[in-house]
Amino acid sequence: MTVEKYFVLQGGDRMPRIGFGTWQASDEVLEKSVSDALSAGYRHFDTARAYENEAALGRALTRWIGGEQTRRKELFVVTKLPPGGNRPDLVPEYFNNSLKDLGLDYLDMYIMHTPFAFEHIPGDLHPKNPDGSMRVDLSTDLIAVWKAILKLKESGRVRHVGVSNVNEEQLRRLCAVEKPACLQIEVHVLCQQKSMIGIASELGIPIVAYSPLGSKALADVLAAKTGREYPDLLSLPIVQRIADAHSRTAAQVLLRYTLQRGVGAIPKSTNPARIQQNISLWNFELTESELKELSTVDRGENGRICDFSLSIYL
Ligand code: A2P
């Protein structure tokens with residue numbers, strides 16, 4: 001089974017199916033890993049205002065671009081509107097701040113990070129109540145926010161706009177206005193999103209998987225706080241066995257499985273060897289029976305790590 005290296009978007013722009021995830025790395029470590037990722041061949045970089053690392057990512061990217069427009073055009077840079085910005089009148093301001101911190105004059109993709117909003121508190125992207133719960137504002141007008149995001153395209157400073165973390169009903173409502181260029185959701189072997197992938201494929205929307213390797217650092221934090229068990233995807237016996245059969249690593253099997261399902265992925269690593277490994281996925285192939293076996297591991301909603309109903313109350 002041939003796996004394409006790119007999603008071709010409207011107008012012919014190409015979004016690499018493997019991108020570099022940047023959540024949860026300190027600025028210094030991130031700058032170094034982004035340089036390693038560029039050397040390893042990554043061209044798609046994913047961040048978000050809420051990760052509070054746009055400036056560090058921007059420094060590493062602009063150093064590599066070195067003022068050359070041809071180099072900038074090689075890159076596919078993605079950032080996201082934070083939940084506190086989910087109000088139509090605030091969208092341009094949040095977008096401008098992201099662009100400024102990234103040090104770029106245009107973005108390849110701007111994504112609505114969540115369908116819900118936090119209260120808008122200038123300078124505080126993660127506003128909490130005294131009991132530690134998030135200050136959620138449930139009055140978000142999803143469609144109005146989406147229209148404001150779509151409007152950004154008119155400025156020419158963003159080429160594509162997409163959404164993240166929406167459910168099927170929300171996705172259909174957004175599509176009634178205009179189809180997102182991309183849907184970013186949690187997808188991995190334990191949370192396979194079969195129904196959502198079916199719908200997105202019907203609608204012709206590329207899916208990019210976050211937490212494709214199970215975001216172990218986040219899972220460990222959640223496990224400590226909730227007492228819930230989060231299996232380590234990389235040590236699942238079935239994944240190990242398939243990795244051995246192909247003389248590949250468990251991470252490569254997980255990522256190749258994602259790609260063979262037609263889904264892109266943004267694995268994150270700060271380790272140069274693993275950064276390289278996570279993009280070396282093109283010259284091996286999982287068999288039909290391996291795909292079938294991996295498909296049975298799915299735990300559906302119970303396999304989700306990034307569960308907003310949990311994280312909101314942590
Ligand atoms: P590290 O940064 O030390 O490599 P996800 O992309 O699902 O969020 O997962 C990221 C986690 O997976 C990080 O803890 C990262 O650790 C680890 N990781 C990334 N690539 C690999 C790999 N090839 N093998 C093992 N662990 C990996």
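Student: What volume does the largest cavity have?

Tutor: Rolling a probe the size of a water molecule over the atoms shows where empty space is left. A cavity is a set of points, on a 1 Å grid over the protein atoms alone, where a 1.4 Å probe fits but cannot get out; points are joined across faces, edges and corners, and a volume is the space filled by probe spheres set on them. Here the largest cavity has a volume of about 30 Å³. This is a predicted model, in which local features need pLDDT of at least 70, side-chain atom pairs count only at pLDDT 80 or more, and totals for chains, interfaces and linings use all residues. Residues are numbered from 1 along each chain as its sequence is written, and side-chain values use heavy atoms, with hydrogens and water left out.

Student: Which residues line the largest cavity?

Tutor: Lining residues have an atom within 4 Å of a point. For the largest cavity they are G84, Y94, F118, E119, H120, I121, D124, L125 and P127.

Student: Which residues of helix α8 are buried?

Tutor: Helices are DSSP runs (H or I, at least four residues), numbered from the N terminus, and buried means under 20% relative accessible area with a 1.4 Å probe, protein chains only. In α8 (residues 216-226), the buried residues are L218, A219 and L222. They cover an arc, taken from the directions from the helix axis to the C-beta atoms, of only 100° around the axis, which puts them on the same side of α8. Just after α8, G227 takes a positive phi of about 80°.

Student: In what order do the strands of the open sheet run?

Tutor: Strands are DSSP runs (E, at least two residues), and two pair if DSSP finds at least two bridges between them. The order of the eight strands is β3-β4-β5-β6-β9-β10-β11-β12, with parallel pairing.

Note on methods. On a 1 Å grid over the protein atoms alone, a cavity is a set of points where a 1.4 Å probe fits but cannot get out, and a pocket is an open set with protein on both sides within 12 Å along at least five of seven lines; lining residues have an atom within 4 Å of a point. Buried means under 20% relative accessible area, exposed over 50%, partly exposed in between (1.4 Å probe, protein chains only).
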